[in-house]
Amino acid sequence: MLRKIALSTSLLSVCLGAGAIAVGSGARVPPWMIALSAGTLNLTTGPTTPATFDNASDQSTTIPFELVDNKIFLAVSVKGSEPLSFILDTGNKWAVINLARARSLGLHLGGDITVAGEGEKTGTGSFVEGERFGVVGLKSFSQPLFLAIPLDDIATRLGHRIDGLLGTDFIRQFVVDIDWIGKRLTLRGKAAFSYAGKGVSLPVTFDARSHPLVKATVQLGPGREAPGIFLVDIGSNRALALNSPFVKQEGIISSDRAVLPLRAFGAGGSVRGVTGRIDGLKIGGWVLKRPVAAFSQDEKGALAETDKQGSIGVEVLRRFRVIFDFERDRIILEPNARFDDPFEHDMSGVALEAIGPSFETLRVVALDDGSPAAALDMKVGDVVTTINGRPASAIGLSEIKRLFSTEGRYEINLQRGEALIAVTLVTTRRL
C-alpha cells in the first residue's frame, strides 16, 4: 500500500515539472508529517531551516551560475564535498540530492519513497536524515537536505551532471534576482528590499506544495483567449506547457494547428502529447508572440493536474530580469535585451542523449517522421562523432540542441557499430 503526502518535487523532463511523492508503507516517516486519515499523510511543515542569512540587511550576495539548456546550475557543497551541480527550480519545494550521489557521499538515508513527476510512471528514492548543504559563494548558510531521488537517467537527456535540486524552501530565504544574460544570481535580504525599476510586479499565490502561481492568458486565435493559473517554473527549459485537462477543454489540439511529437522525459518517464505554437501569451501587461508550447495528453502526473492550466518556463522567463520576492507575494518581471527574441523549436527532428562518465558519447534516441533527420541515413543507436569537423563531445549536448534549433547546414559523421557514415543535415523551421 502506498500513502500519499502533499509534497512536490519538480523533476526534469528535459524540463522540470511539479509532481507528487508517495511514501511506501514501510518507510520511516519523519516526525513533522501528520497523519490526516488512514491512508493519507500531509506535509504541513518541513525540516527546520536556520536563519543564517541576515534578512534585515540591505547587503546582497551575487554568485555566478552555469546556464545549461536554460537551467540554472549552482555550485553546492555537502559534507565538505567538491562542488556539486544543483539545479535551481521553483517547481520544487525541498532540497533534493541525486540518489547515486547521496550514496557515494555516504549520506544517512531513511525509508524508501515512490517518486512521481512529469510522465505517468514512478521511481524510488529515500528520505535524507540529518544532512545539510551549503552554496558555494554564500557564506555561513546551510539548510537540510530532504530527499534523495534518482536523477542519472534524466541527466543523460540533458548532457550534464545533476547532483540535486534546490527549490522554493531555499528561494524563500532571500529576495532572488536572476540576471539570465549575465548569468548571475543576486541574493538580497528580504526585510530591507525595495524595488524602483521599470518592471511590473505580478501577484503570486502558492499552492499546497509551495509552487508559485501567477495569472496569465493564452491567446489561441483571433479573438480567442483563455485565462488561467500557471506555475512559474525556472526548472523548465521550455516556454510553456499546457496541462491535458486545459488542452482538452479548449480544444487546442485541432486539425488546423501544426504540431510535432513532444519529446519530454521526467521522473515519470516520457510525457505524452505534442508540441505546437499558440498565438501569444499575455503576462504582466506584455504579449509574447507565437511561443512554442507543449500540449500534454497525459492522464496522470504533473501535466494532468486540474488546479492549474500549465506552467511557464525559462524560454519565456529568460526574456526578463526576474525577481522572486516571495516575502511580499510577488514576482517582478523587467524586460531585458532578449525580450524580442523569436521562439524557436528543434529544426532537425533528431533527439540525442549523452552517455558515459563525462557525457561524452552522443547517441541518437529518436527520429521524427518526415523531419530533415529522418530523410538521412541515420538510425536510432547511431553515435554522433563529429559535427562540421568538431568532435561532438567537445560541442556538448546543450549546444547541439541550440544549433539544431537554427537553420543551417551540418556535416555529421556517425558511427554505427564498426561502420562510419557521413550525412549532411540541413535544418529547417518545422513549426
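Here are some numbered notes on this predicted model, from the overall picture down to single residues.

1. **Ground rules.** Because this is a predicted model, local features are reported only at pLDDT of at least 70 and side-chain atom pairs only at pLDDT 80 or more, whereas totals for chains, interfaces and linings use all residues. Residues are numbered from 1 along each chain as its sequence is written, and side-chain values use heavy atoms, with hydrogens and water left out.

2. **Confidence.** The average pLDDT (the predictor's confidence in each residue, from 0 to 100) is 86 for the protein, and 83% of the residues score at least 70. Please keep an eye on residues 1–46, where the pLDDT is below 50. Beyond near neighbours in sequence, that stretch still has 155 contacts in the model, a contact being heavy atoms within 4.5 Å.

3. **Overall make-up.** The protein has seven helices and 40 strands. Both are DSSP runs numbered from the N terminus: helices are H or I with at least four residues, and strands are E with at least two. Of its 431 residues, 57% count as buried. The terms used here are buried for under 20% relative accessible area, exposed for over 50%, and partly exposed in between, with a 1.4 Å probe and protein chains only. Among contacts with a separation of 6 or more, 66% come from residues 24 or more positions apart.

4. **Strands around β14.** Strand β14 (residues 132–135) pairs with strand β9 (residues 71–77) in the antiparallel sense, over two bridges. Pairing here requires that DSSP finds at least two bridges between the strands. In this pair, V76 stands opposite V135 of β14. Strand β14 is also joined by two bridges to β15 (residues 143–144), again antiparallel, with P144 in β15 as the bridge partner of R132.

5. **What does N70 touch?** N70 sits in the loop between β8 (66–68) and β9, and it counts as buried because its relative accessibility is 14%. Not counting residues up to four places away in sequence, N70 touches I234, N237, V314, E315 and R318. The side chain of N70 makes a polar contact with the side chain of E315 at 2.8 Å, and a polar atom of the N70 side chain lies 3.1 Å from the backbone oxygen of N237. A polar contact is a pair of N or O atoms within 3.5 Å; within protein, one must be able to donate a hydrogen and the other to accept it, and residues adjacent in sequence count only if both atoms are side-chain atoms.

6. **Aromatic pairs.** A search of the whole structure finds 14 aromatic pairs. One of them is F65 with W180, an edge-to-face pair at 6.5 Å centre to centre and 75° between the planes. F65 lies in the loop between β7 (60–64) and β8, and W180 in the loop between β18 (175–179) and β19 (184–188), so the pair ties together parts that are 115 residues apart in sequence. F65 is buried, with a relative accessible area of 6%, and W180 is buried too, at 1%. For the cut-offs, rings of Phe, Tyr and Trp (its six-membered ring) pair if their centres lie within 6.5 Å; planes under 30 degrees apart count as stacked, over 60 as edge-to-face and the rest as tilted. Elsewhere, F133, F141, F170 and F174 form one aromatic cluster.

7. **Charges over rings.** The charged end of R172 sits over the ring of F206, 4.2 Å from its centre. Likewise, the charged end of R319 sits over the ring of F343, at 3.7 Å from the centre. The criterion is NZ of Lys or CZ of Arg within 6 Å of the ring centre and within 35 degrees of the ring normal.

8. **Is R263 buried, partly exposed or exposed?** R263 counts as partly exposed because its relative accessibility is 32%. R263 is found in the loop between β25 (259–261) and β26 (265–266). Leaving aside neighbours within four places in sequence, its contacts are D346, G349, V350, A351, D368 and R430.

9. **Positive phi.** K79 is not a glycine, yet its phi is positive at about 55°. This residue lies in the loop between β9 and β10 (84–88) and counts as exposed because its relative accessibility is 51%. N388, also a residue other than glycine, has a positive phi near 50°. N388 lies in the loop between β37 (383–387) and β38 (390–391), and at 42% relative accessibility N388 counts as partly exposed.
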